[in-house]
Amino acid sequence: MSIVTVQLGQCGNQIGFEVFDALFSDSHCPQKFCSKRENEAYQASCKERFFSEEEDGVPVARAVLVDMEPKVINQTLSRAAHSGRWKYGQHSHLCQKQGSGNNWAYGYSVHGPRHEESIMNLIQKEVEKCDSLSGFFIVMSMAGGTGSGLGAFLTQNLQDQYSNSLKMNQIIWPYGTGEVIVQNYNSILTLSHLYRSSDALLVHENDAVHKICAKLMNIKQISFRDINQVLAHQLGSVFQPTYSGEGSFHYRRNPLVDLMEDLVPHPEFKMLGVRNIPQMSENSLAYSTFTWAGLLKHLRQMLISNAKMEEGIDWQVRPPLSGLPTLGKMPLSKELHFNTSIANLVILRGKDVHSADLGAFKDPALYTSWLEPVTAFNVWKTQRAFSKYEKSAALVSNSQSLVKPLDMIVGKAWNMFASKAYLHQYTKFGIEEEDFLDGFALLEQVIASYSNL
């Protein structure tokens, strides 16, 4: 089944390009750990999901590109075409001459209705090329104007027009010390709208990815391209094909549906995060060896201590003793440190994958009391290695990890709202104080629900 990707704004288009490039590169890199037949099945499965064939034999990304300024889309189309390996469709993009000026309201209330018909027609054409549609993957930032405002508007439209297809929004969480003065307003409005219309939000924090580039990839002067390549690697490690079940050598047909079934058991909880191990530069990789036991021990501790990478993990954090009743209020250390999960999915790729022991992820103490580990934990596997790593693991988790950053953004936005700072920029495009109050109320409820796990 196929996934249609919608790339929105500067951020969404630049990341989208890196994702397709990473998917294509991985599916065409030589493989030592699986048979030729398995590798061909993997390539075919990747292609069906993300690319359609053109007459000249060059795969075409199943994507629609939208931005309100032409520069980034022109660069993105050109980079794909010049790669000579894959490209975007000739008529798969819409760009205009005037951006959104980092104003969510302008993207949502002006650009959205103005270009709704053109964009939905592009999406429909892309859907018609799919033999079978798994759903939509929408790549956007939440701090600017076009990606966030137009992204929220389009996700609502997709929910109305394709109510039976799943929608997953991949959103980029802004730097804590961001360069856009109204990024917290934009973020509040984006998140609260997406919470109503999207099936899952896959969140990447710029600050966390920046640290990975600096500490693990040893990049001295970090560019957005470096950050986007780390993001693309993480997304590829989730979306590339895996076997449909234990002992099966058939690749799963419907990755979006499977992700939702495994990770979103209740619509109140739909914020997902990704962690990967290992992540390192080519130079370091040459001197490294990995065991599944070592990788999974680190990955589990990253989960429970809410670390985004394997460097600097707090090994003091322990799950509360399972099976014992909690007396009164939970101890302070639990509240501060331990990251309780609703659901976890571990994706293993590479050599001897069937020998990996995942028992430590099935500990009931890791999960909320209303879900059994047998329901809350799932694993996907394939012997086919991903990218340059002989063994690699990705963890997609629905947990408390975003409570703190969400609480911070809501707090900062509320402080500005209380003094009515910059509100006129939104009200002149039809976003009223009531809309902000609705957004605050919804996100406070999300924070409370996750905090009470």
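Student: Before we start, what does buried mean here?
Tutor: Buried means under 20% relative accessible area. V60 is buried, because its relative accessible area is 2%. Keep in mind that this is a predicted model.

Student: Where is V60 found?
Tutor: In strand 3, residues 59–61.

Student: And what is V60 in contact with, leaving aside neighbours within four places in sequence?
Tutor: F50, F51, S52, E54, K87, Y88 and G89.

Student: How far apart in space are V60 and P174?
Tutor: They are 31 Å apart, C-alpha to C-alpha. In sequence, 114 residues separate V60 and P174.

Student: Let's zoom out. How many helices and strands does the chain have?
Tutor: The chain has 16 helices and 13 strands.

Student: What about the radius of gyration of the chain?
Tutor: It is 21 Å. The globule rule gives 22 Å for 453 residues, so the chain is as compact as a globular protein of that length.

Student: What box do the C-alpha atoms fill?
Tutor: Roughly 65 × 60 × 45 Å, along the principal axes.

Student: How much of the chain counts as buried?
Tutor: 59% of the 453 residues.

Student: And which share of contacts joins residues at least 24 apart?
Tutor: 80%, among contacts between residues at least 6 apart in sequence.

Student: On to helix packing. At what angle do helix 1 and helix 2 pack?
Tutor: About 160°, with the axes 9 Å apart. That makes helix 1 roughly antiparallel to helix 2, because the angle is over 145 degrees. Helix 1 covers residues 9–27 and helix 2 covers residues 36–50.

Student: Is that crossing of helix 1 and helix 2 left-handed or right-handed?
Tutor: Left-handed.

Student: Which residues make the contact?
Tutor: Helix 1 brings F20, L23, D26 and S27. Helix 2 brings Y42, Q43, C46 and F50. By class, the contact of helix 1 with helix 2 has five nonpolar, two polar and one charged.

Student: Next pair. How do helix 4 and helix 5 cross?
Tutor: At roughly 45°, with axes that come within 8 Å. That makes helix 4 oblique to helix 5. The crossing is right-handed. Helix 4 is residues 104–128, and helix 5 is residues 146–161.

Student: Which residues meet there?
Tutor: From helix 4, W104, G107, Y108, H111, G112, P113, E116, I119, M120 and I123. From helix 5, S148, G149, L150, A152, F153, L154, Q156, N157, L158 and Q161.

Student: How does that contact divide by class?
Tutor: Eleven nonpolar, eight polar and one charged.

Student: Now helix 6 and helix 16. At what angle do they cross?
Tutor: Roughly 70°, and the axes come within 9 Å. Helix 6 is therefore roughly perpendicular to helix 16. The pair spans residues 183–197 in helix 6 and residues 433–451 in helix 16.

Student: Which residues of helix 6 and helix 16 meet?
Tutor: Helix 6 gives Y185, I188, L189, L191, S192, Y195 and R196. Helix 16 gives D435, F436, D438, G439, F440, L442, L443, V446 and Y450. The classes are eleven nonpolar, two polar and three charged.

Student: Switching to I227. Buried or exposed?
Tutor: I227 counts as buried, because its relative accessibility is 2%. Its place is in helix 8, residues 224–239.

Student: What is I227 in contact with?
Tutor: Y175, N206, V209, H210, C213 and I222, leaving aside neighbours within four places in sequence.

Student: Backbone next. Where is the cis peptide bond?
Tutor: It joins I277 and P278, with omega about -5°. P278 is in the loop between strand 10 (271–277) and helix 10 (282–285).

Student: And what is the phi of K420?
Tutor: Positive, about 60°, although K420 is not a glycine. K420 lies in the loop between helix 14 (403–418) and helix 15 (424–427).

Student: What about Y422?
Tutor: Y422 has a positive phi of about 65° and is not a glycine either. Y422 is in the loop between helix 14 and helix 15. Y422 is partly exposed, at 33% relative accessible area.

Technical notes
Residues are numbered from 1 along each chain as its sequence is written. This is a predicted model: local features need pLDDT of at least 70, side-chain atom pairs count only at pLDDT 80 or more; totals for chains, interfaces and linings use all residues. Side-chain values use heavy atoms; hydrogens and water are left out. Axes are lines fitted to C-alpha atoms, for helices over the stretch in contact, and angles run from 0 to 180 degrees between N-to-C directions. Helices (H or I, at least four residues) and strands (E, at least two) are DSSP runs, numbered from the N terminus. Angles under 35 degrees count as roughly parallel, over 145 as roughly antiparallel, 65 to 115 as roughly perpendicular and the rest as oblique. A crossing is left-handed if the near helix is turned anticlockwise from the far one by less than a right angle, and right-handed if clockwise. Contact means heavy atoms within 4.5 Å. Ala, Val, Leu, Ile, Met, Phe, Trp, Tyr, Cys and Pro count as nonpolar, Asp, Glu, Lys and Arg as charged, and the others, Gly among them, as polar. The radius of gyration is taken over C-alpha atoms; the globule rule is 2.2 Å times the number of residues to the power 0.38. Buried means under 20% relative accessible area, exposed over 50%, partly exposed in between (1.4 Å probe, protein chains only).
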